[in-house]
Amino acid sequence: MQLQILLLLPMAFLLPPGAQAGEIIGGREAEPHSRPYMAYLKGQTKTCGGFLVQEDFVLTAAHCDDGDITVLLGAHNVRQDEETQQRVSVRQKIPHPKYNKKSQENDLMLLQLAEPAELTDAVDTIPLPKTSRTVEPGSVCSVAGWGKTSRYASTSTSTLHEVELEVMSDETCQKDWLLRLYYKPLKMMCVGNPEERKTSFSGDSGGPLVCDEVVQGIVSLGKSDGSPPRVFTKVSAYIPWIKTTMRGLSSLGSHAESPVSLH
């Protein structure tokens, strides 16, 4: 009987892809429009985060695919009409072709916008990392989102919140009793010190992990109690696919021939 219970626990304790994911716990409200690359995604049943990587493309998590998605750029308070906001519909959703809903491998998706965003002080792109670039354990990076600010909050926050998180060794997630069943070092990052009550959780999957002003990870999955560490999609492992996909679909003539900004 005990073995049966243990076998059932993984799916019960992992935050399901259909649930909202990405809450900021232990953080603070971000300075308005200090992260101009942030995108707020409103689907049919849930909200997610994302980030602008080219004027006509937002990158997010594949499990954020939720019917018709509206993208809100330039927002700080998503429940107010701000002059900086740009609301754009999605022309096409392109989840990674090898995305696996059960294992959450390859959990990333490009959203081609119906029209290019107008770049302003409040709306801008964020650089992508170079192919296979790794982030050393111990590095301190940041993640932001509009999710709940505590495990017990009944609603998500209306204003963008942020938190600094430590990048952990692969072994930290590989030794975790649950995460080890899902963690793939070549495709994922282990983020969040288990000794600190700071993490991303419910409300903003798809948001970016930013290290030295470059996006390195995408909020993907973790345990349902919100405890760190959590698993992020490793962006550098997918640069060829991201570049090839955007180049082939881009509505921007100048971008069709030139690569996105890589750092």
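## Close-up views of a predicted model

View 1. Cys 141 and Cys 211 are joined by a disulfide, with 2.0 Å from S to S. This is a predicted model, so keep that in mind for every view here. Cys 141 sits in strand 9 and Cys 211 in strand 13, so the bond ties together parts that are 70 residues apart in sequence. The torsion about the S-S bond is about 105°, so this disulfide is right-handed. Cys 141 is buried, and Cys 211 is buried too. In case the term is new: a disulfide is a covalent bond between the sulfur atoms of two cysteines.

**View 2. Strand 9 and strand 13 also pair with each other.** These two strands run antiparallel and are held by two bridges. Look for Ser 142, which stands opposite Val 210 in strand 13. Zoom out a bit and you'll find an open sheet of seven strands, in the order 2-10-9-13-14-15-11, with antiparallel pairing. Strand 2 (28-29) and strand 11 are the edge strands, each pairing on one side only.

**View 3. Cys 173 and Cys 190 connect a helix to a strand.** This disulfide has an S to S distance of 2.1 Å. Its torsion about the S-S bond is about 85°, so the link is right-handed. The pair links distant parts of the chain, with Cys 173 in helix 2 and Cys 190 in strand 11, 17 residues apart. Are the two cysteines buried or exposed? Both Cys 173 and Cys 190 are buried.

**View 4. Cys 48 and Cys 64 form a left-handed disulfide.** The sulfur atoms of Cys 48 and Cys 64 are 2.1 Å apart. Here the angle about the S-S bond is -85°, and the link is left-handed. Cys 48 belongs to strand 4 (residues 47-54), while Cys 64 is in the loop between strand 5 and strand 6, 16 residues apart. Both cysteines, Cys 48 and Cys 64, are buried. How many disulfides does the structure hold? There are three. Counting the bonded cysteines along the chain, they follow the pattern 1-2, 3-6, 4-5.

View 5. Now pick out strand 3 (residues 38-42) and strand 6 (residues 70-73): they run antiparallel and are joined by four bridges. Which residue of strand 6 is the bridge partner of Leu 41? That's Val 71.

View 6. The structure holds one aromatic pair. Tyr 40 and Trp 146 make up this edge-to-face pair, 5.4 Å centre to centre, with 80° between the planes. Tyr 40 comes from strand 3, and Trp 146 from the loop between strand 9 (140-145) and strand 10 (161-166), so to speak two distant parts of the chain, 106 residues apart. Tyr 40 has a relative accessible area of 14%, which is under 20%, so Tyr 40 counts as buried. Trp 146 is buried as well, with a relative accessible area of 1%.

View 7. The side chains of Asp 176 and Lys 223 meet in a salt bridge, 2.7 Å from N to O. Asp 176 is in the loop between helix 2 (170-174) and strand 11 (188-191), and Lys 223 is in the loop between strand 14 (214-221) and strand 15 (230-234), so the pair ties together parts 47 residues apart in sequence. Are Asp 176 and Lys 223 buried or exposed? Both are buried.

View 8. The N to O distance between Lys 93 and Asp 65 is 2.6 Å. Lys 93 is in strand 7 (residues 86-95) and Asp 65 in the loop between strand 5 (57-60) and strand 6, distant parts of the chain that are 28 residues apart. Lys 93 has a relative accessible area of 31% and is partly exposed. Asp 65, at 35%, also counts as partly exposed.

View 9. In the salt bridge of Glu 196 and Lys 198, the closest N and O atoms are 3.9 Å apart. Glu 196 is partly exposed at 34% relative accessible area, and Lys 198 is partly exposed at 25%. The salt bridge count comes to six.

Conventions. Residues are numbered from 1 along each chain as its sequence is written. Side-chain values use heavy atoms; hydrogens and water are left out. Two strands pair if DSSP finds at least two bridges between them. A salt bridge is a side-chain nitrogen of Lys or Arg within 4 Å of a carboxyl oxygen of Asp or Glu. Buried means under 20% relative accessible area, exposed over 50%, partly exposed in between (1.4 Å probe, protein chains only). Rings of Phe, Tyr and Trp (its six-membered ring) pair if their centres lie within 6.5 Å; planes under 30 degrees apart count as stacked, over 60 as edge-to-face and the rest as tilted. A disulfide is a pair of cysteine sulfur atoms within 2.5 Å.
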